[in-house]
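This briefing is meant for a reader who is meeting the structure for the first time.

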Amino acid sequence: MVVKTFKSDVVTINIDHDKCKGHGDCVDVCPVSVYELVDGKSTAPNVEECIECCACVEACPEEAIVHSSC
Ligand code: SF4
Ligand code: SF4
């Protein structure tokens, strides 16, 4: 299982790259542009910007995102 971890001082986002289909719903819904697709998989390079709204977790149809605040 390939799980990528992105941490700020406040939150941790784990993205399961085995589940991620790379269609970008997380990229589209995040109001502060935390996510970016890299080689067809979701990453969260701007995790420091997260405002803990949980839209990404709710939007992911593959349940690939685990967020410490959601
Ligand atoms: S919404 Fe889920 S499956 Fe789609 S790109 Fe984002 S993490 Fe991957
Ligand atoms: S919780 Fe909200 S602000 Fe944080 S990464 Fe997900 S969609 Fe973006």
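**The hairpin and its sheet**

A hairpin connects β1 to β2, and four residues make up the link between the two strands. The model is a predicted one, and the points below should be read with that in mind.

*Sheet layout*

- The strands β1, β2 and β5 form an open sheet in the order β1-β2-β5, and their pairing is antiparallel.
- Because β1 (3-7) and β5 (65-67) each have a single partner strand, they stand at the edges, and one side of each has no neighbour within the sheet.
- Averaged over the sheet and with direction ignored, neighbouring strands are turned by 15° against each other.

*Strand pairing*

- β1 and β2 (residues 12-16) run antiparallel and are joined by five bridges, while the antiparallel pairing of β2 and β5 extends over three bridges.

*The nonpolar core*

- In soluble globular proteins, nonpolar side chains tend to be buried together.
- The largest nonpolar core of this model has 14 residues, and those with the most contacts inside it are Ile15, Cys26, Tyr35, Ala44, Cys56 and Ile65.
- When residues up to four places away in sequence are not counted, Ile15 touches Val3, Lys4, Cys20, Ser42, Thr43, Ala44, Ala64 and Ile65.

*Surroundings of the two ligands*

- Ligand 1 has 14 residues around it, of which Cys20, Asp25, Cys26, Ser42 and Cys60 come nearest.
- The shell around ligand 1 is made up of seven nonpolar, four polar and three charged residues.
- Ligand 2 is surrounded by 13 residues, and the closest of them are Cys30, Val34, Cys50, Cys53 and Cys56.
- The shell around ligand 2 consists of eleven nonpolar residues, one polar residue and one charged residue.
- Cys26 is listed among the residues nearest to ligand 1 and Cys56 among those closest to ligand 2, and both of these cysteines are also named among the residues with the most contacts inside the largest nonpolar core.

- Asp18 lies in the loop between β2 and α1 (25-29), and it counts as exposed because it has 10 C-beta neighbours inside 10 Å, where exposed means 12 or fewer.
- Leaving out residues up to four places away in sequence, Asp18 touches Met1 and Val2.
- Asp18 and Gly40 are separated by 22 residues in sequence, and their C-alpha atoms are 11 Å apart in space.
- Asp39 is placed in the loop between β3 (36-38) and β4 (41-43), and its phi is near 50°, which is a positive value in a residue other than glycine.
- Asp39 counts as exposed, since 7 C-beta neighbours lie inside 10 Å.

- Cys54 is found in the loop between β4 and α2 (55-59), and it has a positive phi of about 70° although it is not a glycine.
- Cys54 has 14 other C-beta atoms within 10 Å and is therefore partly exposed, a class that lies between buried, at 20 or more, and exposed, at 12 or fewer.
- Cys70 belongs to the segment after β5, and it is partly exposed, with 14 other C-beta atoms within 10 Å.
- Although 16 residues apart in sequence, Cys70 and Cys54 are 5.5 Å apart in space, C-alpha to C-alpha.
- With neighbours within four places in sequence left aside, Cys70 is in contact with Cys54 and Val57.

Terms used:
Residues numbered from 1 in each chain as written. Chains lettered and ligands numbered in written order. Predicted model: local features only at pLDDT ≥ 70, side-chain atom pairs only at ≥ 80, totals over all residues. Near = placed C-beta within 6 Å. Nonpolar A, V, L, I, M, F, W, Y, C, P; charged D, E, K, R; others polar. Core = buried A, V, L, I, M, F, W, Y, C linked by C-beta atoms within 7 Å. Contact = placed C-beta atoms within 7 Å. Pairing = 2+ DSSP bridges. Axes fitted to C-alpha atoms, helices over the stretch in contact; angles between N-to-C directions.
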